[in-house]
Amino acid sequence: MEREQLRGVVIISLPPPGDPSKGKTLTAFTISNNHDHLQQEPAAAAAVTTVPSYPESQSPAAVRLSLLRLRAKRAVAAVLGLSLLLFSIWACLFIEAPVQLLRGQEEDGRSRYSSILLPLYSKPGAQEVAVGGGPSRPLVTGVKLAKVSVTNSSAVIPIRGNLLPDGQYYTSVFVGNPPKPYFLDVDTGSDLTWIQCDAPCVSCTKGPHPWYKPSKGKIVQPEDHLCQEIQHNQNQWSCDSCHQCDYEVAYADHSSSMGVLARDEMQLMMSNGDKSKVNFVFGCAYDQRGQFLNTPAKTDGILGLSSAKVSLNSQLANQGIINNVVGHCISGGANDGGYMFFGDDFVPRWGMTWVPTQNGLTNFYSTQVQKIGYGSKQISIGQKGGNAYLTVFDSGSTYSFFPNEIYSSLINSFDYHSHGLISDNSDPLLPVCWQDSSLRSIGDVKQFFEPLILHFVKRWRILPTTFTILPDDYLVINSKGNICLGILNGSEVHDGATIILGDISLRGRLVVYDNVQQKIGWARSDCFKPQKPRDFPFFF
């Protein structure tokens, strides 16, 4: 029997117990084939050194160990490289602006821009947030504010209200010194914020709060740049000899508001914990017409959130308080309320669908829809000449509006007879309704209806960009207990050729209006609580 030949010796010397800093020492000896001498190679402290020897004298175990280590290193490098490649592809395809992941930080570690968060609540138990002097329509609620100036931050405000019976969502703002609360209707389709005003009042209605009463020093002069901006938008001639800035705003439902511009303090709680007091210009509205005279009014005025220079978000951005970004999240289903925010701190960095805003002569948040489908059936293919439909996101509109040809095609697509639904056109506001004696909720009949799918104009994207309106987002139960279509014929509003997405179709989504990058984005949400986005999608 052949005896196994000795190939080498390894001696390991441990450090002295009292001085572990000296480390351990490895000394390796290999024995050559002729056994005439030993080759000695000292190893560095705390590390194993490869000992030179002829291939035939190298330990098979050591070779296998070296190969395993090499393979492990290559595998790790391959995994890291593949991960980086996949992340780059993901960022290019699904992140509208990858550079947002690398937003710069100030030297003190704080983000250059923060946000203002405004929660949205249903009416019961809502709290209020402050802005500065005057009545308005429902908007935000609930934050205690103090007097501290802030630069480049964000704010969040609660929203309250409901689709029915109020038909509006509003927030509470505090205006003036001392600050007084006002309920303002959250309206992304309006330029100017206005509050019912005792200046004195010519035609006002009793609202939830006393009318705003301006002092002489609060009235904006005609030479003010915001006065010139709003009068230019309304095609009014400026009056250099006047001592006040007059305005008049008309709305699609033929309501109107007239008054003078005022400037007062607004208080906001910023997302970074600071409290801010800012000056802003708004309408002191002393003459209301149309729906604004409904009594009792649920709000004190309008919160204008369009892209115009006079809108509240543009004024805050012009003062360096926020980036010109505004978002709202209105709860869907049986839940009421939600929240809204100013600034970009609460804009998700992934999971959002984005479309570019349409540049034009108006300040609406609009984009283009190429076609619309009802389930698998196509009910529109653009307008005559191949042009897309202008589509406006308008939180100031309770219901959605479709151009007449799409509206008619949609109604003809409903197969309600086979499901036992009986047509009922007795509601003056919602003309398309159905009766069902067993009806208790939308959930009882939504399986009889298909989703509406809006296809936006394609750009470079591989996948089409769509906005899906589920039956829950276009059906509503009226006061008679009938199921009604919450989409109306748009031939009576605007130019009749525009799609308007109102509150009923915006519920259950976070909707973001980015005036910096000129885009509109949305994502499904329960609208319970805003969350600041994480930096990377791999970690949740």
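These legends describe close-up views of a predicted model.

The model is predicted, so local features need pLDDT of at least 70, side-chain atom pairs count only at pLDDT 80 or more, and totals for chains, interfaces and linings use all residues. Residues are numbered from 1 along each chain as its sequence is written, and side-chain values use heavy atoms, with hydrogens and water left out.

**View 1. A nonpolar surface patch includes Leu-82.** Leu-82, Leu-85 and Leu-86 make this patch, of about 290 Å². Patches take residues with over 30% relative accessible area and no salt bridge; like charges are joined within 9 Å, and nonpolar side chains (Val, Leu, Ile, Met, Phe, Trp, Tyr) within 5 Å. Accessible areas come from the Shrake-Rupley method with a 1.4 Å probe, and for residues only the protein chains shown count as cover. Leu-82 sits in helix α1, residues 60–94. Helices (H or I, at least four residues) and strands (E, at least two) are DSSP runs, numbered from the N terminus. The relative accessible area of Leu-82 is 47%, so Leu-82 is partly exposed. Buried means under 20% relative accessible area, exposed over 50%, and partly exposed in between (1.4 Å probe, protein chains only).

**View 2. Lys-218 and Asp-264 form a salt bridge.** Their N to O distance is 3.6 Å. Lys-218 lies in the loop between β8 (194–196) and α2 (225–233) and Asp-264 in strand β10 (residues 256–269), so the pair ties together parts 46 residues apart in sequence. Lys-218 is partly exposed at 30% relative accessibility. Asp-264 is buried, at 6%. A salt bridge needs a side-chain nitrogen of Lys or Arg within 4 Å of a carboxyl oxygen of Asp or Glu. By this rule the count is eight.

**View 3. Glu-265 and Lys-277 bridge two strands.** The salt bridge between these side chains spans 3.4 Å, N to O. Glu-265 belongs to strand β10 and Lys-277 to strand β11 (residues 275–289), twelve residues apart. Glu-265 counts as buried at 19% relative accessibility. Lys-277 is buried as well, with 18%.

View 4. Within it, Arg-509 meets Asp-473 at 3.9 Å, N to O. Arg-509 is in strand β28 (residues 509–514). Asp-473 is in the loop between β23 (466–469) and β24 (475–477), 36 residues apart from Arg-509. Both Arg-509 and Asp-473 are buried.

**View 5. Strand β12 pairs with β7 and with β8.** Two strands pair if DSSP finds at least two bridges between them. Strands β7 (residues 180–187) and β12 (residues 301–304) run parallel over four bridges. Asp-185 stands opposite Ile-302 in β12. The β8 and β12 pairing is antiparallel, over two bridges. Here Ile-195 faces Gly-301 in β12.

**View 6. The largest nonpolar core holds 83 residues.** A nonpolar core is a set of buried Ala, Val, Leu, Ile, Met, Phe, Trp, Tyr and Cys residues joined through side-chain atoms within 4.5 Å. Ile-116, Phe-342, Phe-393, Trp-434, Leu-452 and Tyr-474 touch the most other members. β11 gives the most to this core, with five residues. Not counting residues up to four places away in sequence, the contacts of Leu-452 include Ile-372, Phe-402, Phe-467, Tyr-474 and Ile-487. Contact means heavy atoms within 4.5 Å. Another core, of 17 residues, lies apart from the largest one; among its members are Leu-192, Leu-226, Val-249 and Val-281.
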